[in-house]
Amino acid sequence: MKRLFKAGLALALIAGSGACVDLNEKLVSNLGAPYIATAQGLTDATNALYQSLRTYGYGDTFYTTEQMGTDTWMAADQVSAGGAQNWAYFDDYGAQYTTLAGFIGPIWNGNYIMISRANVVLDQGPNTAVGGSLTQPIKDSRLGEARFFRAWAYFNLVQQFGGVTVNLTATGGLSTEATRQSEDSVYKVIIDDLTQAVNLLPVTQSDYGRVTKGAAQHLLAKVYLTRAYYTWNTANKTADFQKALDLANTVINSGKYSLVANFADLWCGTHRAAAAADPGRQSYCDVTNWSRTNTEVIMPVQFSYLVSQYNGGSETNYFHLLFLSHYDGNSGWAAGMARSLDDGRPFRRIRPTPAAIAIFNQTRFAGTPGLGVDVLDTRFDASFQTVWF
């Protein structure tokens, strides 16, 4: 069964910095273990793990395999470009949905690439001598980051495929054999890595976007909560629920994160200077002083706005376009409406299920403004746009 994976990690973006290039320098395309065992090499190898977050996290792979066909999201009228329904079988579980289906490979390969990179850091990192720019806290952080990402990758894999092959050391060459471990064994590896990551990682990082202790605690809470629901996990069910609760409360009460004052601010941003102001959010979301580093972000997956860094699409983030409704191009009900950057490009890949919409139709409290008055969840209006001007 395909399971929806949301690690609760907000998407953010990062700007690139310019640098001078020495044309006389010797370009090196392949660096071995001796370099990784140096202070700079350890950091460079760890930095490579962050790129792995985007290995399959853009384009059609993400929404088809981790959004469609779940309790909350289903195929919209334009599952793939041009209104085609090429990937609809991920939603209706049709005959094409097999192990050979498109996008299964990128998930498998992308996560094992992350695991391989993490193994290199964890094999060589402990032997890296502390000194110069590499202090003990920085070294601990790099090892904690690698354990976090290895756990992240195995968590992705075990939710999609069940038991998988576990590799905890860097391979020295081509391997032609693999042994499938049980789901229980994979979860034990994930929990061990994240437990060590919690102990190694700092509470804050000077580089925005690096993994922190709170991120590791947050992910470990989700791992325990997920494992608690497995039918085979009768021995640890109660303890897993309690550990998930304790870790979540630890993050909440850490004082490092807090809810934003206006829920809509999580999804809205700034717009073109030429666009009319919309402070009341009657048309598009127009937020003053929007920040990618809002107080609810525990860890961002970073993307870039810079055209020079698009790299064939892997550096860009257009997930927000996949959810938008069709407001343009139909004279019967959208007369006068033209697609614009401010209103968004409605790719219409996925749409909420009736069950997801019904979640917002529940009474949240009674009392104010009057005893017995039902008040619906106002987060619906902050999440879905139903009117365009």
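**View 1. Arg227 is buried, with a relative accessible area of 5%.** Buried means under 20% relative accessible area, exposed over 50%, and partly exposed in between, with a 1.4 Å probe and protein chains only. The model is predicted: local features need pLDDT of at least 70, side-chain atom pairs count only at pLDDT 80 or more, and totals for chains, interfaces and linings use all residues. Residues are numbered from 1 along each chain as its sequence is written, and side-chain values use heavy atoms, with hydrogens and water left out. Arg227 belongs to helix α8; helices (H or I, at least four residues) and strands (E, at least two) are DSSP runs numbered from the N terminus. Not counting residues up to four places away in sequence, Arg227 touches Asp184, Tyr187, Ile191, Trp232, Asn233, Asn236 and Asp240. Contact means heavy atoms within 4.5 Å.

**View 2. The largest nonpolar core has 50 residues.** A nonpolar core is a set of buried Ala, Val, Leu, Ile, Met, Phe, Trp, Tyr and Cys residues joined through side-chain atoms within 4.5 Å. Phe148, Phe149, Tyr154 and Ile190 touch the most other members. Two or more residues each come from α2 (39-51), α5 (104-124), α6 (136-161), α7 (183-200), α8 (213-228) and α9 (237-252). The largest share, 11 residues, is that of α6. Another core lies apart from this one and has 15 residues, including Phe319, Leu321, Leu322 and Phe347.

**View 3. Helices α6 and α7 pack at an angle of about 155°, with their axes 8 Å apart.** That angle makes α6 roughly antiparallel to α7. Axes are lines fitted to C-alpha atoms, for helices over the stretch in contact, and angles run from 0 to 180 degrees between N-to-C directions. Angles under 35 degrees count as roughly parallel, over 145 as roughly antiparallel, 65 to 115 as roughly perpendicular and the rest as oblique. The α6 side of the contact includes Phe148, Ala151, Tyr154 and Phe155, and the α7 side includes Val186, Val189, Ile190 and Leu194. By class, this contact has 13 nonpolar, four polar and six charged residues. Ala, Val, Leu, Ile, Met, Phe, Trp, Tyr, Cys and Pro count as nonpolar, Asp, Glu, Lys and Arg as charged, and the others, Gly among them, as polar.

**View 4. Helices α6 and α8 pack at an angle of about 25°, with their axes 11 Å apart.** The two helices are therefore roughly parallel to each other. From α6, Phe148, Trp152, Phe155 and Gln159 meet Ala215, Ala216, Leu219, Lys222, Val223 and Thr226 of α8. This contact has seven nonpolar, two polar and one charged residues.

**View 5. Val166 sits in the loop between α6 and α7.** At 22% relative accessibility, Val166 counts as partly exposed. Val166 touches Tyr154, Thr179, Gln181, Val186 and Val189, not counting residues up to four places away in sequence. Val166 and Val189 are 23 residues apart in sequence and 8.4 Å apart in space, C-alpha to C-alpha. With that same exclusion of residues up to four places away, Tyr154 touches Val166 and Val189, and also, among others, Tyr112, Ile115 and Leu168.

**View 6. Helix α2 has buried residues that pack against α1 (33-36), α5 and α6.** The buried residues of α2 are Gly41, Leu42, Thr43, Ala45, Thr46, Leu49 and Tyr50.
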